[in-house]
Amino acid sequence: MTKLIKSIEDLKNELTNASKPVAFVPTMGSLHNGHISLINKAKKENKTVVLSVYVNPLQFGPSEDFKSYPRNLNSDHEKCVSSGVDILFAPEDREIYPEDSFENIQLIQPPAVLTSILCGKTRVNHFAGVVTVLKRLFDIVEPQSVYLGEKDLQQVYVVNWLIKSYNLQIKINPCPIIREEDGLAMSSRNLYLTEGERKIASNIYKSLKIARENVKIGIFTPSKAVLEGLIFLSKIPGIKVEYFEARSKDDLNEVNKDTMKDFYFLIAAKIGNVRLIDNVEVS
Ligand code: AMP
């Protein structure tokens, strides 16, 4: 049975008797099969699984969807019960941020090489908000490992930086992207899409596959393959691409024209007001 816990004090009490290793799955809730896949992996490899549901205000920009972000704690609780989560931690803001105001919170700033690219270009301070909340959650939960989805690939690199630079003894487990039948990466934000937009959205993954295939068959450089993906998307009305890039697996640096493997194609695109991200690996 999943225990729903809202305060740090109760969580700490519960964790005193928890069997180790403890795995942590941080989320913003509205759980879907992408989240469940993280839980399943965490369960297989650990004795206790803690999942957090916290919509972190610090990682949203002023014109972003913090207020409208879907919140479904009751159904999240049910999903935690059926997937075998031991502890569901759903704190209020003041538990995580006891500061008087959000302006007084000292942000942890990851290095610009990681945050000035890809999503960081338009989402200023997003990754600072992510690592600031995760550092606090890590300090509260004290897990041996954390399970993160590769859908938010840049986040995996940024969290890796956080763990290394604070010398935290936490193992990162990146988990593969879970997709809908038509290929769309599962996301809580898919709930915002209208029926028409939902149909269009599957082209995001199609464009990534086109780029990957073009490199795999050996005729295109990564940048030419990106162009092919963009040409494909330009024929579909209703998709506005924010970025479509090839980045190295090592450190998310740009790749050169001779690179044929060990990199990712990453995309962010808007359909109406809904911003979606996705990526594929070329191995
Ligand atoms: P979120 O609730 O969107 O903050 O996501 C919580 C965690 O679930 C993050 O580590 C995400 O990368 C991961 N996640 C979200 N969607 C998917 C997906 N479709 N497949 C795998 N992991 C996912």
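Helices here are DSSP runs of H or I with at least four residues, strands are runs of E with at least two, and both are numbered from the N terminus. At 14% relative accessibility, I36 counts as buried. I noted the cut-offs: buried is under 20% relative accessible area, exposed is over 50%, and partly exposed is in between, with a 1.4 Å probe and protein chains only. Leaving aside neighbours within four places in sequence, I36 is in contact with K79 and S83. Contact means heavy atoms within 4.5 Å. I also checked S82: its C-alpha is 9.8 Å from that of I36, though the two are 46 residues apart along the chain.

A note on the source. This is a predicted model, where local features need pLDDT of at least 70 and side-chain atom pairs count only at pLDDT 80 or more, while totals for chains, interfaces and linings use all residues. Residues are numbered from 1 along each chain as its sequence is written, and side-chain values use heavy atoms, with hydrogens and water left out.

Next I went to E14, in helix α1. E14 counts as partly exposed, at 27% relative accessibility. Beyond four places in sequence, E14 touches K3, I5 and I87. From K3 to E14 I count eleven residues in sequence and 9.0 Å between C-alpha atoms.

Then I asked how α1 packs with α7. Their axes are 9 Å apart, at an angle of about 45°. Axes are lines fitted to C-alpha atoms, for helices over the stretch in contact, and angles run from 0 to 180 degrees between N-to-C directions. The two helices, α1 and α7, are therefore oblique to each other. Under 35 degrees would be roughly parallel, over 145 roughly antiparallel and 65 to 115 roughly perpendicular; the rest is oblique. On the α1 side I found I8, L11, K12 and L15, meeting D139, I140 and V141 of α7. By class, this contact of α1 with α7 has five nonpolar, no polar and two charged residues. Ala, Val, Leu, Ile, Met, Phe, Trp, Tyr, Cys and Pro count as nonpolar, Asp, Glu, Lys and Arg as charged, and the others, Gly among them, as polar.

I turned to the largest nonpolar core, which has 45 residues. Such a core is a set of buried Ala, Val, Leu, Ile, Met, Phe, Trp, Tyr and Cys residues joined through side-chain atoms within 4.5 Å. L11, I96, L134, F138, V146 and I163 touch the most other members. Helix α7 gives the largest share, nine residues. I followed I96: beyond four places in sequence, I96 touches Y54, F89, P91, V133, R136, L137 and I140. A second, separate core holds 25 residues, including Y205, L233, F265 and A269.

Last, the backbone. Most residues other than glycine have a negative phi, and most peptide bonds are trans. Where is the cis peptide bond? It joins K20 and P21, with omega about 0°. P21 lies in the loop between α1 and β2. N125 is not a glycine, yet has a positive phi of about 70°. I placed N125 in the loop between α6 (119-122) and α7. D262, also not a glycine, has a positive phi of about 60°. D262 sits in the loop between β7 (239-248) and β8. At 39% relative accessibility, D262 is partly exposed.
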